[in-house]
Amino acid sequence: MSPLVQFWRFVKGSLAVVTQGSRGYFAWVVLLLAVIAVGVWAYANQIQYGLITTNMRDQLSWGFYIGNFAFLVGIAAAAVVVVIPAYVYRWGPIREVVLLGELVAVAAIIMCILFVTVDVGRPERIWHMMPLLGAPNFPHSLLVWDILVLTSYFVINYFIVTYLVYMAYRGRKYNAAFILPIIFLSIPLAISIHTVTAFLFMGLKARPFWNSALLAPRFLASAFCSGPALLVIVFQILRRVRPIEISDAALRKLGELLAYTMAANLFFLGCEVFREFYSASAHVIHAEFQWWGLEEGHGIAGYTWFALVSQVIAFVIFVVPELRNRLPILSVGCVLAFAGVYIEKGLGLLLPGMTPDVIGEVYHYNPSLNEILIGAGVWGVGALLFTLMAKVSSAISTGEFRYQPIEGSYGRW
Amino acid sequence: MKNRDDRVPLDARGASRRRFLRGAAAAGASALAAGPASALSFDLEAFFQKHFREMSQEDIEALQTRLERKYESRYGKPFNVASTGPIDGVVYGYGLDIGRCIGCRRCVYACVEENNQSRDPEIHWIRVLEFEREHALRGIDLEEGNPYYDHEKVPAEGKFYVPIACQMCEDSPCTDVCPTGATWEEPDGIVVIDYDWCIGCRYCIASCPYGARHFNWGEPQIPADEVNPDTHVLGNRPRPRGVVEKCTFCIQRVRNGRYPACVEACPVGARKFGNLLDPNSEIRYLLANKRTFVLKAELRTQPKFFYFYG
């Protein structure tokens, strides 16, 4: 049997795996499909009437979509947080979760690309920025760089997970000499997707709030908080619903890692706050909007403080061994870290950067319902992709889905 | 401006041929009979349209014809979509006397009419910022401007006014960040946008320090009796939804030796315009003899829009 035919059997088998499961699995998938359907309906609305269905305007021309994009690039990059210790330092317990971390990364990149796509005014012209087809403004435009590194990162990660999963399916050991260099290549790429995304904002001299050299390090530090925090939560859910081995030791290791990354994240935040308020140039107005608000009863100050407090509490949990080693408490820390970074690096980064706008106008932005529904749809796509991929890979690691020399019998799953 | 009468606009050469082509195309269209098939082929033509700067002269003429037909059927009157090129030896510069400006916003509305800006949702390429006169001593801090002043009479007591539009930067952040190269600086210094190539990502809006760029959030609306049919393909032709637009120094006028509409509309003569390369032009006189400055000079965007105290 040729390798292609064998791989085709793998694909067919995978389809069979994802169409079978427990009642809870189907309920979850149907829920996600419903969320996606609502998102598609909302997007059809946006296509029909234009981006006026959002609450973005000239004064604040990027909002909820790009905020989610910046956050999700971090989630995608954070897969390396588990790859580095697993392969470079050979931390035993964490190794088994690398694959699932990479699956999260793959789903996150798809969401990133979708969030950029729903943000543009003429999605049918996206090909204008592609090499060969269009006229990409390379190397000047950081957006072209970002698309390039995101695409490369996606291709590499997708290849790695497919290879590892397929080898497990065939019951063979992966060829380390072949795959390890590719895994190592994914590490600088992960750093680069987040650095380039930070540069996209950092390079804008019109926006002093973003025009800070610390933005890229901050992006990485916060990504290495939100990513592992998400993994800790997802892994605990996964091992509850599927008979797969994820040791407590691996989760605690991630908790320990989070202590370092959260320390760095809070330190960088402190540096920015110091610079803004101590020097207090005219540009401090953006930080004032972020922390205090510029008009009564408006603004995002409440969210900013919530994000700070939740990240500080999370840091305490991560740094005290007695707390982080108790999984329920660790989970609370992870939820707080995830929520804190979502606010801080989503709209918490976007809105102060653009408020007041370049000629001093304060526009109070809240995403419209249509925007939120589209965003929810994108998150639904990501969650569904991850669910299906995790279903296949867990069915393989439990041995339920294995390569069988005789066509038609894949065993039970 | 110098040599006003020597110039032959590129458009004059192609005009009769285009008019012939347009007639032929119209005949072809009626022969096919309007149906779903012709609608589809029309859309595909627009979809596969090349970047403006990669078009041949024939491509541009075909585009002009197609646009004219489209606008004529939409607004029910003849349209001229020119593609007049830059004039050798000309780089445009703008001067604005903030000592004279009274904040009447006549320039804003002249611009809206001349350049077919959407009336709903409303787009204004020029915004007039009002400042406290006492702040003038500390220089102009754009973050303290108010574009929404609404007085019975202008100028209001104790205020001064700074109209702001595209500054035509020599080192323009907007053209750098554009992922598709849909916006660029022409040889005569005008920063233009190919409305058919722009993907509407709004990165240029984020990058512009002057708030000069505007996005068509909804379907632009221009009443048929108010639409200006005398247009330029890179300038004031009606724009589609979902793309960015901005001031072009009235490219459709200035490349034919006329003043921008805002210069003509200004009742106090605060607005000056001319060729920066011509040592005898009014703009060069102002630069040499007045106290001029540019907005946000520290960003080194090198605007070709100069403010001065007359």
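Chain A of this predicted model contains 16 helices and zero strands. The radius of gyration of chain A is 22 Å, close to the 22 Å that the globule rule gives for 413 residues, so chain A is as compact as a globular protein of that length. Along the principal axes, the C-alpha atoms of chain A fill a box of roughly 70 × 55 × 40 Å. Buried residues make up 47% of the 413 residues of chain A. Among the contacts in chain A with a separation of 6 or more, 77% involve residues 24 or more positions apart.

Two cis peptide bonds were examined in chain A. One runs from A:F138 to A:P139, with omega near 5°; A:P139 is placed in the loop between α6 (98–119) and α7 of chain A. Another joins A:T355 to A:P356, with omega of about -10°, and A:P356 is found in the loop between α15 (347–354) and α16 (369–397) of chain A. Most peptide bonds are trans.

For the complex, the predictor gives an ipTM of 0.93 and a pTM of 0.91. The contact between the chains takes 38 residues from chain A and 42 residues from chain B. On the side of chain A that touches chain B, helix α7 (residues 142–169) gives the most, with three residues. By class, this side of chain A divides into 19 nonpolar, nine polar and 10 charged residues.

Chain B has an average pLDDT of 88, and 85% of the residues score at least 70. Residues 1–41 of chain B have a pLDDT below 50; beyond near neighbours in sequence, this stretch has 33 contacts in the model.

The domain assignment divides chain B into domain 1 (10–82) and domain 2 (86–310). The contact between them takes 16 residues from domain 1 of chain B and 15 residues from domain 2 of chain B. On the side of domain 1 that touches domain 2, α3 (57–75) and β1 (80–82) of chain B each supply at least two residues. Helix α3 of chain B gives the most to this side, with five residues. The side of domain 1 that touches domain 2 has 10 nonpolar, five polar and one charged residues.

Strand β2 (residues 92–97) of chain B pairs with two strands described here. Four bridges join β2 to strand β12 (residues 305–309) of chain B, and these two strands run parallel. Within this pairing, B:Y94 stands opposite B:F305, and B:G95 has B:F306 as its bridge partner in β12 of chain B. Strand β2 of chain B is also joined by five bridges to strand β10 (residues 271–275) of chain B, in the antiparallel sense. In β10 of chain B, B:R271 is the bridge partner of B:L96. Strand β12 of chain B pairs in turn with strand β11 (residues 291–293) of chain B, antiparallel and over three bridges. There, B:F293 has B:Y307 as its bridge partner in β12 of chain B.

Six of the six residues of β2 of chain B are buried, so this strand is largely enclosed by the rest of the structure. In a regular strand the side chains alternate between the two faces of the sheet. In β2 of chain B, residues B:Y92, B:Y94 and B:L96 point one way, while B:G93, B:G95 and B:D97 point the other way, and all are buried.

The loop between β1 and β2 of chain B holds B:V90. This residue counts as buried because it has 22 C-beta neighbours inside 10 Å, the cut-off being 20 or more. Leaving aside neighbours within four places in sequence, B:V90 is in contact with B:D188, B:N275 and B:L277. B:V90 and B:L63 are 27 residues apart in sequence, and their C-alpha atoms are 26 Å apart in space.

Most residues other than glycine have a negative phi. B:F249, although not a glycine, has a positive phi of about 55°. B:F249 lies in the loop between β9 (244–245) and α7 (251–254) of chain B and is buried, with 27 other C-beta atoms within 10 Å. B:R300, also not a glycine, has a positive phi of about 55°. The place of B:R300 is in the loop between β11 and β12 of chain B. With 11 other C-beta atoms within 10 Å, B:R300 is exposed.

Definitions and conventions:
Residues are numbered from 1 along each chain as its sequence is written. Chains are lettered from A and ligands numbered from 1 in the order in which they are written. This is a predicted model: local features need pLDDT of at least 70, side-chain atom pairs count only at pLDDT 80 or more; totals for chains, interfaces and linings use all residues. Two residues are in contact if their C-beta atoms, placed from the backbone, lie within 7 Å. Ala, Val, Leu, Ile, Met, Phe, Trp, Tyr, Cys and Pro count as nonpolar, Asp, Glu, Lys and Arg as charged, and the others, Gly among them, as polar. The radius of gyration is taken over C-alpha atoms; the globule rule is 2.2 Å times the number of residues to the power 0.38. A residue is buried if 20 or more other C-beta atoms lie within 10 Å of its own, exposed if 12 or fewer, and partly exposed in between; C-beta atoms are placed from the backbone. Domain bounds come from an automatic or database domain assignment. Two strands pair if DSSP finds at least two bridges between them. pLDDT is the predictor's confidence in each residue, from 0 to 100.
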